[in-house]
Each structure stands twice: as C-alpha cells, then as structure tokens.
Amino acid sequence: MPLRLATWNVNSIRARIGHLKRFLDEARPDVICCQETKVNNDAFPYAALREIGYRHILAVGQKAYHGVAIASRLPFEEEGARVWCKKDDKRHAFVRLNGVELHNFYVPAGGDVPDPETNDKFAHKLRFLKEMASWCRRERVKERPIVLVGDLNVAPLDCDVWNHKRLVRSVGHTPVESAHMARLLKAGGFLDAARHFAQPPAPLYTWWGYRFLQAFAKDYGWRLDHVWVTPSLVSSLARVEVVKTTRTWERPSDHVPVLLELG
DNA sequence: ATGGTGGTCCAACCA
C-alpha cells in the first residue's frame, strides 16, 4: 500500500491553517509533518484538521517559537518526542505508522553570523546536528525503516542555493554546516530522497525569503527542507515533489511543502 | 555594504 508523506514549515499553523487545508485537499498526503507551528498544544487547531480526515494528531508545541506537529489519516502505532541539546524548545516529534518510523525535525536556524565562538545560535545549530548524528549511531537508525523529514535549515549542495559563490559564507550554506549534514546523513545511512529524483547539478529549492520581495519571482531559493530514508526504504521510493505553488498563494509561508511517496 | 518582510503579540525577538 503506497504511503504519501508531506513536510512543510508553515511559519505559524494558525496563520496558515487555510493554506494547510487547501494543500492537504489538493495533494492528499496520508501524513503531514509541520514545523514552526508557533502555538501551544492547548490552542492547536485540532478540529480543523480532524474535520478533513486527519484524525490522528501529535502536537509538540510552545507559544510563539518553534513547535512541530504530525497529522495523519492513519493511526499511530507509537508516538513521542525528544529533547535536544538539553533545551526543551519543541524541535522534534516522531510516530510509527505502517511499520515505518517517521521523525519530524526543526533544526535551529543559527542566527546571522556563521561563527560558533561569537554566535551562540550558530554553536547551538552545530551541536544540534552533531547530537542528531550521535543519536543515529546510538539508535542504529540505519538498520531500521525510518523516514526523517523537516526543516533542517541547511542547504548542503552548491545547487541547493540560487548562487553558491555569493552565499557560501551565509548561515545555512557554509562548508561547516554542509559537513555536519554529510556526517549526519552517513551516521543514519540515509538517502537524500529529493536528490535521488533531482540529481545534481539540477537546482532544487524549498524556501524563498520574505525580505527580498522578488525572491520567489527571481527564484532566489534555498533547499532547507529535506526528506530522507534509511536503506531498507530505498527500494520503495516512488516519488518526491516540491510543491512550489503554495508560495504563490496570498500571505504564504516562506517555505513550501515537500511530498514523498513510498510505493 | 545594507536592508529588505513576516509572525508573535505590543516590545522585541526570531526567522
């Protein structure tokens, strides 16, 4: 039975609930993983999602910042969340469904200056990626059927940003971040599923910033949102699609959804 | 070289 999964940094699930419902109606994933929900669990829009068939919901939220959620048409066989870097800032949730473990991450953005000595946010980001890698080794992630998705806030390849040369010193695309991500991929034995279908040097982006108004029109994008699978799931990979159209909707999230289909 | 916008929640932080 095919399984359709989506990941989307919605940049506030309450501000984006209309877009989220529209996307779910059009793309019809079985499961959606959201990041930056920016809402406490007691104010989470459970009813709006249950009304359209996503009856199983795991919200891991807090007020104003961060927050992740998983909403599903299929029941969860297990669910949970983990604290990373000893900061309980709601950046991870996981469920098991159809025998597949699904991990939803929101990696710290890292601030403006790519120097861990002077910028605590950048140091936190690197620590977070390192801790993810040691978790992969400790939990023997590569031996299990796992899908890891989310806003990982790193565009690791030259063709993951609109201008590599110009952005190579910018947070999100520095060599040190790309190296951390490469080690994480290796530690979990993950395949970067989006790049399985859109091989370099094909450009592929999931985020176009708000600050420059023409960013989307000029395709000044970054690939910050990722869908990875462990080796036992590689043979069932059917499709990955970046759904750019949501970025054209009124008052959009700066990120767009990524769809993953396992056949 | 700089600043630009958007969300949360009403000042200032984060992205």
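# Close-up views of a predicted model

**Figure 1. Strands S11 and S12 run antiparallel and are joined by five bridges.** The model shown here and in the following figures is predicted. Strand S12 comprises residues 258-262. Across the pairing of these strands, Val 240 stands opposite Leu 260 of S12. Helix H1, made up of residues 17-27, packs on the sheet and touches strand S1 (3-9), strand S2 (31-35) and S12. The direction of helix H1 makes about 155 degrees with that of S1.

**Figure 2. Six strands form an open sheet in the order S3-S4-S2-S1-S12-S11.** The pairing in this sheet is mixed. Strand S3 (56-60) and strand S11 (237-242) stand at the edges; each has a single partner strand, so one side of each is left without a neighbour in the sheet. From one strand to the next, the twist averages 10 degrees.

**Figure 3. A second open sheet of six strands has the order S5-S6-S7-S8-S10-S9.** Here, too, the pairing is mixed. Strand S7 (residues 100-106) and strand S8 run parallel and are joined by six bridges. Within this pairing, Leu 102 has Val 147 of S8 as its bridge partner. Helix H3 lies across S7 and S8 and runs at about 165 degrees to S7. Helix H5 (residues 175-188) also packs on the sheet, where it touches S9 and strand S10 (225-229). The direction of helix H5 makes about 25 degrees with that of S10.

**Figure 4. The surface near DNA strand B is formed by 18 residues.** The closest of these residues are Ser 12, Arg 16, Lys 63, Arg 211 and Arg 251. By type, the residues of this surface divide into seven nonpolar, three polar and eight charged. Which parts of DNA strand B supply its atoms within 4 Å of the protein? Sugar or phosphate accounts for 67% of them, and bases for the rest.

**Figure 5. Side chains of the protein approach phosphate oxygens of DNA strand B, one of them being that of Arg 16.** An N or O atom in the side chain of Arg 16 is 3.0 Å from a phosphate oxygen of DNA strand B. In the case of Lys 121, a polar side-chain atom lies 3.1 Å from a phosphate oxygen of DNA strand B. For Arg 251, the separation between an N or O atom of the side chain and a phosphate oxygen of DNA strand B is 2.8 Å.

**Figure 6. Arg 144 lies in the loop that links helix H3 (120-138) and strand S8 (146-151).** Arg 144 has a relative accessibility of 23% and therefore counts as partly exposed. Apart from residues up to four places away in sequence, Arg 144 touches Glu 101, Glu 139, Thr 230 and Ser 232. The side chains of Arg 144 and Glu 101 make a polar contact at 3.0 Å. The side chain of Arg 144 also reaches the backbone oxygen of Glu 139, at 2.5 Å. Between the C-alpha atoms of Arg 144 and Leu 58 the distance is 22 Å, and these residues are 86 residues apart in sequence.

**Figure 7. Lys 125 lies in helix H3.** Is Lys 125 buried or exposed? Its relative accessibility is 0%, so Lys 125 counts as buried. The side chain of Lys 125 makes a polar contact with the side chain of Glu 177, at 2.6 Å. When neighbours within four places in sequence are left aside, the residues in contact with Lys 125 include Val 107, Pro 108, Asn 153, Val 171 and Glu 177.

**Figure 8. Asp 151 has its place in strand S8.** With a relative accessible area of 1%, Asp 151 is buried. Leaving aside neighbours within four places in sequence, Asp 151 is in contact with several residues, among them Asn 9, Gln 35, Tyr 106, Asp 225 and His 255. Asp 151 and Phe 197 are 46 residues apart in sequence, and their C-alpha atoms are 19 Å apart in space.

Notes
Residues numbered from 1 in each chain as written. Chains lettered and ligands numbered in written order. Predicted model: local features only at pLDDT ≥ 70, side-chain atom pairs only at ≥ 80, totals over all residues. Heavy atoms only, no water. Pairing = 2+ DSSP bridges. Helix = DSSP H or I, 4+ residues; strand = E, 2+ residues; numbered from the N terminus. Axes fitted to C-alpha atoms, helices over the stretch in contact; angles between N-to-C directions. Contact = heavy atoms within 4.5 Å. Near = heavy atom within 4 Å. Polar contact = N/O pair within 3.5 Å; in protein donor to acceptor, adjacent residues only side chain to side chain. Nonpolar A, V, L, I, M, F, W, Y, C, P; charged D, E, K, R; others polar. Buried < 20%, exposed > 50% of the residue type's maximum accessible area, 1.4 Å probe, protein only.
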